[in-house]
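I opened the notebook today to look through one structure, step by step. Here is what I looked up, in the order I went.

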Amino acid sequence: MREYSEQMKKMLHKQYDAFADNVISKVSPQQNARVLEIGPGPGWGGISLLRKRPDLSLVGVEASPDMVEVATENARREGLESRARFLVEAGESMASIPDGQYDLVISRESLHHWADPKGVFKSISRVLKRDGRVCIYDHRRDLGLLGRLVVAVLGTLRAGKMAGHWKRSIAASYTSEEVRGMLDALGFDDWTVETDLMNLVVYRSYRASPKQVDISCCLPLTSTLSPKGRGNSSFSERQARYERISSGSPPVSDTREV
Ligand SMILES: C[S@@+](CC[C@H](N)C(=O)[O-])C[C@H]1O[C@@H](n2cnc3c(N)ncnc32)[C@H](O)[C@@H]1O
């Protein structure tokens, strides 16, 4: 686990920094905000945010006890143990987290793992303060032509275990319309879903920036889905559609099929 954590830091430190920058520009965390992170894994995303914003404090809720151990150790090594705490807890329940405590909920590349994403969204809204903010980044399965090209090229250049893992994660991820559908079903019409070349972001902010989110050094392709999108689909349906697209079959739009 420690080896995995160090590998992630080495390979992805620029992406963790970009995630932190994007959270800051997207939802402008209030001064001294209490932040909750869902699925922090080794903790590097939240740690980067804490380094950039010394006024913030963070609690990470993480399903894997091993990850909690590693994230706790990483925060300690970075001198952040007084501001970062990690708990073994599923985002769906967050049983140990009281209602209305947090100013901001963040997450990076965890949404596609959640067994019950609508359950997690509901829990987020429970633990947030009334005007609390949300900023969740993940892969998107509804990649455009350019995005699929990036996957094909980088997937070949970075051949190996990580490339396979990356492609499987994209295959398991949601389309922006699926996420919009879940939020609509919950009545969360002040949560926004946006996409860029490779990723989607779900956010709620009282000072939403009209600025382009740059998650992965991409072209200006951001699109926003207003409420009343379509519903959810199962992991296998999502993966099958993605594989059809990747194999060069006719360009089927995920959004038309859902
Ligand atoms: C791909 S890793 C991403 C880790 C980290 N956010 C990063 O960007 O490096 C996904 C993490 O989400 C965690 N996870 C998955 N489902 C979860 C859930 N329902 N509640 C909390 N954590 C979850 C996993 O244990 C894993 O550590």
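The entries below go from the whole chain to the ligand, then to a strand pair and the core.

**Overall.** I kept in mind that this is a predicted model. I counted 9 helices and 8 strands in the protein. Buried residues come to 43% of its 258 residues. Next I checked contacts with a separation of 6 or more, and 75% of them link residues 24 or more positions apart.

**Around the ligand.** Which residues come nearest to the ligand? I found G39, G41, G91, S110 and H113, out of 21 residues around it. I then sorted the shell by type and got 10 nonpolar, 7 polar and 4 charged residues. Both α2 (44–52) and β2 (57–62) give at least two residues to this shell.

**From β2 onwards.** β2 runs parallel to β3 (residues 84–88), and 5 bridges join the two. One pair I noted is L58 with its bridge partner A84 in β3. With helix α3 (residues 65–77) included, β2 and β3 form a right-handed β-α-β unit.

**The core.** I looked up the largest nonpolar core, which holds 52 residues. V35, L36, V105, V134, C135, I136 and V202 touch the most other members. Helix α1 (residues 2–27) provides the largest share of this core, 6 residues. In soluble globular proteins, nonpolar side chains tend to be buried together.

**A closer look at C135.** What is C135 in contact with, leaving aside neighbours within four places in sequence? My list reads V23, K26, V27, L104, I106, V201 and Y203.

Key
Residues are numbered from 1 along each chain as its sequence is written. This is a predicted model: local features need pLDDT of at least 70, side-chain atom pairs count only at pLDDT 80 or more; totals for chains, interfaces and linings use all residues. A residue is near a molecule or strand if its C-beta atom, placed from the backbone, lies within 6 Å of it. Helices (H or I, at least four residues) and strands (E, at least two) are DSSP runs, numbered from the N terminus. Ala, Val, Leu, Ile, Met, Phe, Trp, Tyr, Cys and Pro count as nonpolar, Asp, Glu, Lys and Arg as charged, and the others, Gly among them, as polar. Two strands pair if DSSP finds at least two bridges between them. A crossover is right-handed if, with the strands pointing away from the viewer, the path from the first strand over the helix to the second runs clockwise. A nonpolar core is a set of buried Ala, Val, Leu, Ile, Met, Phe, Trp, Tyr and Cys residues joined through C-beta atoms within 7 Å. A residue is buried if 20 or more other C-beta atoms lie within 10 Å of its own, exposed if 12 or fewer, and partly exposed in between; C-beta atoms are placed from the backbone. Two residues are in contact if their C-beta atoms, placed from the backbone, lie within 7 Å.
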